[in-house]
Amino acid sequence: MWKDFFYFTKTERQGIIVLVVLILGVFSIPLLFPLFEHPKEVDATEQEKFEKEYNEFIASLKKTEPHRKSAGNSFQPFPEKKIKLTVFDPNTADSMTFLSLGLPPWMAKNILHYRRKQGRFRHPEDFRKIYGLKEEQYQTLLPYIQITENLQSKDTVQLLTAQSVQRDTIFKYQPGTVINLNLADTTELKKIPGIGSGIARKIVNYRKRLGAFCRIEQLQEIQLKVEKLRPWFSIDAGQIHRINLNKASLERMMYHPYINFYQAKVIVEYRKKKGSINSLKQLSLYEEFTPDDFERLEPYVCCDL
């Protein structure tokens, strides 16, 4: 059956052959044109003219190249910095000073970084430790390095400390002098032999929390030697500031050194549930309080309504 589709008569076969030949001829004609073309002869006059123009162009480039190089070298986006060697202190000089000495910006940054991390330059030789500083640069700047003495040197600090100690020990009371422990301020307390600024502040601060001292022995509670201090003090118990258990807040009671958080909480809860407090004995059933606690608290509390 396939023969019915591909069978051609003699005339049809001849027509197909002619059609194929024509198609091949149409596509091959452009390829045959170069075979029939003759190379165009170049006119000698035009050749000479072209070579002359080319040579002139090359010569012009050679003439302008040095000018362009010199112009390029003379152009600078930033003015050239002048180096000015002057006396400087590496501990206080800023970055602009280091730049004026001829150091690059990155090295000025290294110097400032060294000061922040390592502290002061104590000797001119320490300047050699800067990262990236060449020996030639160091030798150039060495005659201009001048380090100012630090006013807070070790010797000065020791001198100031000695003067402070001396001031604390210059004015002292003579034996037999007695002062009121509940009225003396830190200045007066420092006049007692053996009491300096630290101990005087400790006494005043503890007295403020207590509401005043009622016994000399209470100084033991802040680690002081009572027997040495007893001859110098007298006590007026009438100057004690008492805490009103019926009105004081939780924070106010906790501020006192003899009342802790749990004891203050018991007092507040008692007031809410049972009303006012008339005596410390009403709190004796609570395990938060001991007989010693009541004895210590008695001079410092009241039950006013």
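This is a predicted model: local features need pLDDT of at least 70, side-chain atom pairs count only at pLDDT 80 or more; totals for chains, interfaces and linings use all residues.
Residues are numbered from 1 along each chain as its sequence is written, and side-chain values use heavy atoms, with hydrogens and water left out.

Let's start with α5. Helices here are DSSP runs of H or I, at least four residues, numbered from the N terminus. Helix α5 covers residues 105–118, so 14 residues, and spans 20 Å from first C-alpha to last, close to the 20 Å expected at 1.5 Å a residue. That expected span is 1.5 Å times one less than the number of residues.

Which residues of α5 are buried? M107, A108, I111 and Y114, where buried means under 20% relative accessible area, exposed over 50%, and partly exposed in between, with a 1.4 Å probe and protein chains only. Those four sit on the same side of α5 because they cover an arc of only 115° around the axis, taking the arc from the directions from the helix axis to the C-beta atoms. As a reminder, an α-helix has 3.6 residues a turn, so residues three or four places apart point the same way. On the other side of α5, P105, K109, R116 and K117 are exposed. The cover over the buried residues includes α4 (95–100) and α6 (135–141), with contact meaning heavy atoms within 4.5 Å.

Now α12, residues 261–274. This helix also has 14 residues and reaches 20 Å end to end, C-alpha to C-alpha. Its buried residues, among them V266, I267 and Y270, pack against α11 (250–255) and α13 (291–297). At the N-terminal end, N260 is the cap: a side-chain oxygen of N260 lies 3.2 Å from the backbone nitrogen of Y262. Just past α12, G275 takes a positive phi of about 95°.

Last topic, rings. The whole structure has nine aromatic pairs, counting Phe, Tyr and Trp (six-membered ring) with centres within 6.5 Å; planes under 30 degrees apart are stacked, over 60 edge-to-face, the rest tilted. One of them is F121 with F127, tilted, at 5.8 Å centre to centre and 55° between the planes. Both F121 and F127 are buried. Another is F261 with Y262, edge-to-face at 5.4 Å and 75°. F261 counts as partly exposed because its relative accessibility is 39%, while Y262, at 58%, counts as exposed. Finally, ring pairs link F88, F98, Y114, F121 and F127 into a cluster.

Methods. Helices (H or I, at least four residues) and strands (E, at least two) are DSSP runs, numbered from the N terminus. A polar contact is a pair of N or O atoms within 3.5 Å; within protein, one must be able to donate a hydrogen and the other to accept it, and residues adjacent in sequence count only if both atoms are side-chain atoms.
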